[in-house]
Structures are given as structure tokens and as C-alpha cells.
Amino acid sequence: MKTVLLVIIAYLLGSIPNALWIGKVFKGIDVREHGSKNTGSTNAARVLGAKLGILTLLLDIGKGALPTAAALFLHADMLEKLTGISNIDAIFIGIFAIIGHSFSVFMKFKGGKAVATTVGVFTVIVPKAILVAAIVFFVVFAVSRYVSLSSITAAVSLPIAIYIFYKNIPLTVFGIVIAVLIIVKHKSNIERIKNGTESKFTINKK
């Protein structure tokens, strides 16, 4: 029952569109009508400013970290008993937090591009791998100034780092699945990068 309840909580928590409510509460702005029209933290920073963008980022990371950490703390082990795979329930619950963020029940199953919530989930489970992915992200961003390209590159590096540091096949497969999801969610960005029309990152300073 712990696992089932945490899956439901993870999905609902992941579904909360933080950029949307923060924009409406603090600025009277619907972020879906501005910038890239995405409800992720990058567009929040572009449209709402750095402070609210950071708030959105932290809350989106928390959506992934909290239910995943709860699964470990509360010893949700229904699937672990069935499969014999350590921490499989935390992985499963983390997946639903990410799905909730990307396919929110509160936004007709639309949502963000899964990057921040993925960071939250994997920080709890594989912190060393997330550190590597973060370094990759910031290096690529420093060179290109494209958040999308940096996110895609970091996502690709994540399962590689998981395997190198943890030698855990289920975790590596989890990393691959999430990397594919992030790439798919960035499909339009990839097309714009190819066409030279992708916007470099700027922040609304108002």
C-alpha cells in the first residue's frame, strides 16, 4: 500500500504546474501565453524574471525529490519483494513524478520537459551521476547559451554516469528511458537548433 499511495502522490505532486500558478499569483501572467509557452522553469525565468524562475526551478526539483525520498524513508518495497531489485520502488515512484510533470492531469496532460523534476528524482537515487550531468549541462550552456541543448546533452550523459558510478542495470535503464523522454520533449527545440532559430537564454529583469 505504501508504494501505491506514493505513486498516486508522486503523480499528483509532479502534475502541479508551478510556473503557471507562480506567474498568475505574483505577476498576473499566464506563462503559456508568453516566451516559449512552456510551463518549465526556463520559460518561467524568461517571462517572470530570475527570482520567480529560481523559485519555479526549486519547486519543480522538489516535486521529484520529495516522493522519491519518501519512498526510501518509508521503505516502500512492494516491487522490491517481487523483483529482488534494490530501490526499485523509489525508481518507480520517481518515474510517476516525472510523468506528472510532463503530462499534468491539471493541464489536460500537457506539461514541462521533465528536466528539473528528473534532477530531483535522480539527486535522491544517484547523486554522483547527477553531479556529472550538471557539470555537462553547465559546460555546454557556457559554450552555446542554449538551455535546450544543454539539457539534452546532460540527459544523454546521465545513464552513462549512472553505469560508471553505480554499475546498476535497472538504474541505468531508468536513466536511458528518462533521457529518451527528455529528448522527445525537446523535439521542437532540436528542429529550431538545426534551423538556427532556437533562442539563446535571456532573463526578464523586471
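Arginine 145 lies in the loop between α8 (127-144) and α9 (147-166), where helices are DSSP runs of H or I with at least four residues, numbered from the N terminus. The phi of arginine 145 is near 65°, a positive value in a residue other than glycine. With a relative accessibility of 38%, arginine 145 counts as partly exposed; buried means under 20% relative accessible area, exposed over 50%, and partly exposed in between, with a 1.4 Å probe and protein chains only.

The model is predicted, so that local features need pLDDT of at least 70 and side-chain atom pairs count only at pLDDT 80 or more, while totals for chains, interfaces and linings use all residues. Residues are numbered from 1 along each chain as its sequence is written, and side-chain values use heavy atoms, with hydrogens and water left out.

Lysine 108 also has a positive phi, of about 55°, although it is not a glycine. Its place is the loop between α6 (88-102) and α7 (115-125). Lysine 108 counts as exposed because its relative accessibility is 75%.

The next element to consider is asparagine 43, in helix α3 (residues 41-48). Asparagine 43 has a relative accessible area of 1% and is therefore buried. Its side chain reaches the backbone oxygen of histidine 34 at 3.2 Å, a polar contact being a pair of N or O atoms within 3.5 Å in which, within protein, one must be able to donate a hydrogen and the other to accept it, and residues adjacent in sequence count only if both atoms are side-chain atoms. Leaving aside neighbours within four places in sequence, the residues in contact with asparagine 43 (heavy atoms within 4.5 Å) include Val31, His34, Gly35 and Leu48.

Two packed helices are described by the angle between their axes and the distance between the axes. The axes of helix α1 (residues 2-15) and helix α4 (residues 50-73) come within 9 Å and cross at roughly 170°. This angle makes α1 roughly antiparallel to α4, a term for angles over 145 degrees. Leu6, Ala10, Leu13 and Gly14 of α1 meet Lys63, Leu66, Pro67, Ala70 and Ala71 of α4. The residues of this contact divide into seven nonpolar, one polar and one charged.

Finally, the unreviewed UniProt entry carries the annotation "transmembrane region" for residues 88-107, 119-143 and 163-184; such annotations may be inferred rather than shown by experiment. In residues 88-107, the end C-alpha atoms lie 29 Å apart, and the span is 75% helix and 0% strand.

Methods:
Helix = DSSP H or I, 4+ residues; strand = E, 2+ residues; numbered from the N terminus. Axes fitted to C-alpha atoms, helices over the stretch in contact; angles between N-to-C directions. Parallel < 35°, antiparallel > 145°, perpendicular 65-115°, else oblique. Nonpolar A, V, L, I, M, F, W, Y, C, P; charged D, E, K, R; others polar.
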